[in-house]
Amino acid sequence: MFRSLVSPAIIRPLTANKVAAIRPFSTAFVQRQAVSNVSDGKSYEHIIVETKGKVGLITLNRPKALNALCSDLFTEVNEALRNFDGDNNIGAMVITGSKKAFAAGADIKEMKDNTFVDTYRTNFLGHWAEMTQIKKPILGAVNGYALGGGCELAMMCDIIYAGEKAVFGQPEIKLGVIPGAGGTQRLVKAVGKSKAMEMVLTGSVNLNAQEALNLGLVSKVVPIDDLVEETLKTASIIANMSQPSVQMGKEAINQSFEVPLSAGLRWERILFQSLFGTADQKEGMNAFAEKRAATFTNK
């Protein structure tokens, strides 16, 4: 949840004996930051929004703060996601950061003087969860630090790809608090109770990319320079599938975290049966029978 001081005790993965040297931004990344962060006439302060074919790309853009997640940044992310969700030309979205940091946590300066009454009355961090209501799939492309809120943001994505030097952790306990945007709930479902307890309660046990892959937190580990393009490729594959099927598939999987198995199976079956009322089901099965590629119309 929080942007943490980048020290060896905080960022050291389990298998590392020392902190790897941080590589500077590449020339390509610096050039990218010079591009105006404007999409369809909308200007954003903390993110860059682009369209790549049928995929919406959102890049967190607070490099001096290691993409610390301030409230305004998350408001912008939510708005961009809602816009893509309502765009019939977009079928999936990708969220990424820089090569150095996906997001090193929430903005400590923004919250350090908050009181209980302030945070409770305003439902502080509550708006972070709005992205979980997006119907289209969201893929996270994680390079560098994904600590605290950065790890929580990644876990709110539907699929996570990690660069080879990615680091995942929940160091909030070192600041006298606990994760507040899903770190105690989603992490345990991804890595298991014991490892989640170790990460959250020590604040210094982090996962490198390979460990995150082995535990099931991420789907794939990719070379740093190839991460965004590889994630966009997968997003493009998804975006070209039948969108009613894609969105129902996402909904059914997410239901498995919320309901008992019997209820989840019933919901899955209802969604499966409902797709027989779509033109895309007829097209897909006829194309299979005729040994040709299907042409989906999202109807």
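The legends below describe an overview and several close-up views of a predicted model.

Residues are numbered from 1 along each chain as its sequence is written, and side-chain values use heavy atoms, with hydrogens and water left out. Because the model is predicted, local features need pLDDT of at least 70 and side-chain atom pairs count only at pLDDT 80 or more, while totals for chains, interfaces and linings use all residues.

**Figure 1. Overview of the protein chain.** The protein chain has 13 helices and 12 strands; helices (H or I, at least four residues) and strands (E, at least two) are DSSP runs, numbered from the N terminus. Of its 299 residues, 45% are buried. Buried means under 20% relative accessible area, exposed means over 50%, and partly exposed lies in between (1.4 Å probe, protein chains only). The accessible surface comes to about 15200 Å², and 55% of this belongs to carbon and sulfur atoms. Accessible areas come from the Shrake-Rupley method with a 1.4 Å probe; for residues, only the protein chains shown count as cover.

**Figure 2. The salt bridge between Arg82 and Glu130.** A salt bridge is a side-chain nitrogen of Lys or Arg within 4 Å of a carboxyl oxygen of Asp or Glu. The structure holds 10 of them. Here the N to O distance is 3.2 Å. The pair links distant parts of the chain, 48 residues apart: Arg82 is in helix H3 (residues 71-85), and Glu130 is in the loop between helix H5 (116-121) and strand S7 (138-142). Arg82 is partly exposed at 45% relative accessible area, and Glu130 is partly exposed at 38%.

**Figure 3. The salt bridge between Lys99 and Asp225.** The closest N and O atoms are 2.6 Å apart. Asp225 counts as exposed at 52% relative accessibility, whereas Lys99 is partly exposed at 26%.

Figure 4. Glu198 is partly exposed, with a relative accessible area of 32%.

**Figure 5. A nonpolar surface patch.** Ile173, Ile178, Met197 and Leu201 form the patch, with about 360 Å² of accessible area together. Patches are made of residues with over 30% relative accessible area and no salt bridge; like charges are joined within 9 Å, and nonpolar side chains (Val, Leu, Ile, Met, Phe, Trp, Tyr) within 5 Å. Ile178 is in the loop between strand S10 (167-169) and helix H7 (186-191).

**Figure 6. The aromatic pair of Phe272 and Phe276.** Rings of Phe, Tyr and Trp (its six-membered ring) pair if their centres lie within 6.5 Å; planes under 30 degrees apart count as stacked, over 60 as edge-to-face and the rest as tilted. The structure holds 3 aromatic pairs. Phe272 and Phe276 are edge-to-face, at 5.2 Å centre to centre and 80° between the planes. Phe276 is partly exposed at 35% relative accessible area.

**Figure 7. Ala287 in helix H13 (residues 279-289).** At 1% relative accessibility, Ala287 is buried. Apart from neighbours within four places in sequence, Ala287 is in contact (heavy atoms within 4.5 Å) with Arg292, Ala293 and Ala294.
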